Amino acid sequence: MSGSGADNYYVADSAGERDLTGYRRTSTPVELLPGSYVVRLMGTRAGATVTGGQRTEIAAGSLVVPGTGADNYYVADSAGERDLTGYRRTGTPVELLPGTYVVRLGPRRLPVQVRPGVQTAVGP
C-alpha cells in the first residue's frame, strides 16, 4: 500500500471478513501468498490479486481540509451517510483509497474525488 505512512491499512481474506495481517502503516509492504485479497484503509476497501514473484501495489491518495486545527472534519462515503474516518483536525490529511467521498465540515457537505498518489485540498 503506497502512501505517506500516516495511516493504517490491513489485508483481509478475499471476502474481506478475516484480518490476515494486522494493521500496517501505509508505505509499509506486506508479503502474501498468491491469491485474492481485500485491502482496507480508513473504512475504504479495494480488491487485490497477488501473483507469485511479482509486486502488487495499491495506491492510496489523500485529502485535507486546510485550516489551523481549530475545527474538525469527517470523511463519509459517496452518499455522505457512513462515516469512514472519525474526526480529523483541519490541516491534518487523511489517506484513502481512490474514490468519491463527502467531507463534512460543520453543516457543510463537500463532495471530493480522491486520486491515487495525490493529496486533494478541500476548501472550507
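A nonpolar core is a set of buried Ala, Val, Leu, Ile, Met, Phe, Trp, Tyr and Cys residues joined through side-chain atoms within 4.5 Å, where buried means under 20% relative accessible area, exposed means over 50%, and partly exposed lies in between (1.4 Å probe, protein chains only). The model described here is predicted, with local features needing pLDDT of at least 70 and side-chain atom pairs counting only at pLDDT 80 or more, while totals for chains, interfaces and linings use all residues. Residues are numbered from 1 along each chain as its sequence is written, and side-chain values use heavy atoms, with hydrogens and water left out.

**The core**

The largest nonpolar core has 26 residues, and those that touch the most other members are Met-1, Leu-63, Tyr-73, Val-75, Leu-96, Tyr-101 and Val-103. At least two residues of this core come from each of strand 1, strand 3 (35-41), strand 4 (44-50), strand 6 (72-76), strand 8 (94-96), strand 9 (99-105) and strand 10 (108-114); strands (E, at least two residues) are DSSP runs, numbered from the N terminus.

Leu-63 has contacts (heavy atoms within 4.5 Å) that include Tyr-73, Val-75, Leu-96, Val-103 and Val-112, not counting residues up to four places away in sequence. Val-112 itself lies in strand 10 and counts as buried because its relative accessibility is 7%. Val-112 and Thr-100 are twelve residues apart in sequence, and their C-alpha atoms are 5.8 Å apart in space.

**Charged side chains**

A salt bridge is a side-chain nitrogen of Lys or Arg within 4 Å of a carboxyl oxygen of Asp or Glu, and a search of the whole structure finds two of them.

| Salt bridge | Closest N and O atoms |
|---|---|
| Asp-7 with Arg-88 | 2.7 Å |
| Glu-57 with Arg-55 | 3.2 Å |

Asp-7 is buried, with a relative accessible area of 5%, and Arg-88 counts as buried at 15% relative accessibility. In the other pair, Glu-57 is partly exposed, with a relative accessible area of 45%, and Arg-55 is exposed, with a relative accessible area of 68%.

Asp-13, in the loop between strand 1 (8-12) and strand 2 (24-25), is buried yet has no salt bridge, and the nearest side chain of opposite charge, Arg-18, is 4.1 Å away. Here Lys and Arg count as positive and Asp and Glu as negative, while His and the chain ends are not counted. The side chain of Asp-13 does reach the backbone nitrogen of Glu-17, at 2.9 Å. Leaving out residues up to four places away in sequence, Asp-13 touches Arg-18, Leu-20, Ser-36, Tyr-37 and Val-38.

**The aromatic pair**

Rings of Phe, Tyr and Trp (its six-membered ring) pair if their centres lie within 6.5 Å, and planes under 30 degrees apart count as stacked, over 60 as edge-to-face and the rest as tilted. A search of the whole structure finds one aromatic pair. The rings of Tyr-10 and Tyr-23 have their centres 5.3 Å apart and their planes at 80°, so this pair is edge-to-face. Tyr-10 is in strand 1 and Tyr-23 in the loop between strand 1 and strand 2, 13 residues apart, and the pair thus links distant parts of the chain. Tyr-10 counts as buried at 16% relative accessibility, whereas Tyr-23 counts as exposed at 61%.

Key: Helices (H or I, at least four residues) and strands (E, at least two) are DSSP runs, numbered from the N terminus. A polar contact is a pair of N or O atoms within 3.5 Å; within protein, one must be able to donate a hydrogen and the other to accept it, and residues adjacent in sequence count only if both atoms are side-chain atoms.
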